[in-house]
Amino acid sequence: MKVIATYNIKGGVGKTATAVNLAWLAAREGAPTLIWDLDPQGAASYYFRIKPSIKGGSRKMLQGKRDLDKYIRGTDYEWLDLLPADFSYRNMDIFFDHTKKPAEQLKKLLRPFRNEYYYVFLDCPPSISLTSENVFAAADAMLIPTIPTTLSLRTYQQVLRFFKQHQLDTVKLLPFFSMVDRRKQLHRDIVDQTDDLLKDFLTAQIPYNSEVERMGIHRAPVGDFAPASIAARSYAALWNDTKEKLINYLP
Ligand SMILES: Nc1ncnc2c1ncn2[C@@H]1O[C@H](COP(=O)(O)OP(=O)(O)OP(=O)(O)O)[C@@H](O)[C@H]1O
Ligand SMILES: [Mg+2]
């Protein structure tokens with residue numbers, strides 16, 4: 001089982017679009033895949049046409065007092081399951097804080113699935129919190145969508161610094177450029193620069209493409225309704241880069 005998080009402190013950078021499209025691609029290859037919608041906004045659940053709700057609220061489940069299994073739902077796609085969001089996830093930090101190892105709760109909750117799923121995707125809310133620390137501990141790889149702007153690069157540096165300060169393994173950080181608009185001079189300048197900071201960026205980039213926005217209308221991954229689009233092909237390239245890292249660099 002490999003746990004892949006889509007994470008950024010920043011909101012609206014393409015985390016959910018990435019998790020949804022990559023999880024779909026993984027499942028399409030026949031790998032049993034779970035996507036856990038950790039965001040109380042419930043966007044990933046919405047894209048897969050699943051009600052963002054955990055019956056009775058999420059506290060007991062997140063504190064390990066209920067089997068996660070019974071909340072998992074099948075999607076319309078073979079090999080792809082989803083653990084829905086719930087509005088009570090907004091209190092996740094508080095729920096975790098009341099457990100023995102507050103930063104390792106997510107890792108512990110996922111352990112029983114190690115023989116059941118080949119990939120687990122964690123679609124994270126935008127923040128840096130105890131929940132994020134749980135994600136850092138549980139994930140084998142952390143995909144960080146980064147819009148090519150100066151502020152977004154600073155945010156990536158903040159994540160990098162946090163990892164170093166907390167003796168976390170920075171090798172699991174997989175930043176990549178997201179929503180790239182090559183009509184914009186700033187985007188071109190940032191994407192094309194050879195700064196040291198960019199050496200860790202994946203080769204694949206996700207362009208700004210209206211097909212991604214249309215996922216909300218189709219309520220489906222882009223590869224399902226627009227397989228020949230530049231967006232679908234870019235997500236396929238991103239998935240290949242991610243797998244390559246998982247095989248060659250990440251334990
Ligand atoms: N490559 C893209 N091209 C065009 N629009 C995009 C692209 N990626 C995402 N979007 C759109 O931008 C918005 C934000 O994307 P998304 O929900 O994936 O970001 P997010 O980082 O998960 O946001 P949040 O922090 O709110 O969870 C959505 O409306 C989505 O359709
Ligand atoms: Mg999101």
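Me: Hi! At what angle do the axes of α1 and α12 cross?
Reply: Hello! In this predicted model, the axes of helix α1 (residues 15-28) and helix α12 (residues 230-248) cross at roughly 75 degrees and come within 10 Å. That makes α1 roughly perpendicular to α12, because angles of 65 to 115 degrees count as such.

Me: Nice. Which residues meet there?
Reply: From α1 you have A17, T18, N21, L22, L25 and A26, and they meet Y235, A236, L238, W239 and T242 in α12. By class, that contact has eight nonpolar residues, three polar ones and no charged ones.

Me: Switching to pockets: how much space lies in the largest one?
Reply: About 400 Å³. Its lining has 22 residues, and G12, V13, G14, K15 and A17 are the closest to the pocket's centre.

Me: And which element gives the most to that lining?
Reply: That would be α1, with three residues. The elements giving two or more are α1, α2 (43-47) and α9 (210-213).

Me: What about the classes in the lining of the largest pocket?
Reply: There are 12 nonpolar, seven polar and three charged residues.

Me: OK, how about the second largest pocket, how much space is there?
Reply: About 280 Å³. It is lined by 16 residues, with K107, A137, A138, A139 and D140 the closest to its centre.

Me: Which helices supply at least two residues of that lining?
Reply: Both α5 (105-110) and α6 (130-138) do.

Notes: Residues numbered from 1 in each chain as written. Chains lettered and ligands numbered in written order. Predicted model: local features only at pLDDT ≥ 70, side-chain atom pairs only at ≥ 80, totals over all residues. Heavy atoms only, no water. Axes fitted to C-alpha atoms, helices over the stretch in contact; angles between N-to-C directions. Helix = DSSP H or I, 4+ residues; strand = E, 2+ residues; numbered from the N terminus. Parallel < 35°, antiparallel > 145°, perpendicular 65-115°, else oblique. Contact = heavy atoms within 4.5 Å. Nonpolar A, V, L, I, M, F, W, Y, C, P; charged D, E, K, R; others polar. 1 Å grid on protein atoms, 1.4 Å probe; cavity = no way out; pocket = protein on both sides within 12 Å on 5 of 7 lines; lining within 4 Å. Points joined across faces, edges and corners; volume = space filled by probe spheres on them.
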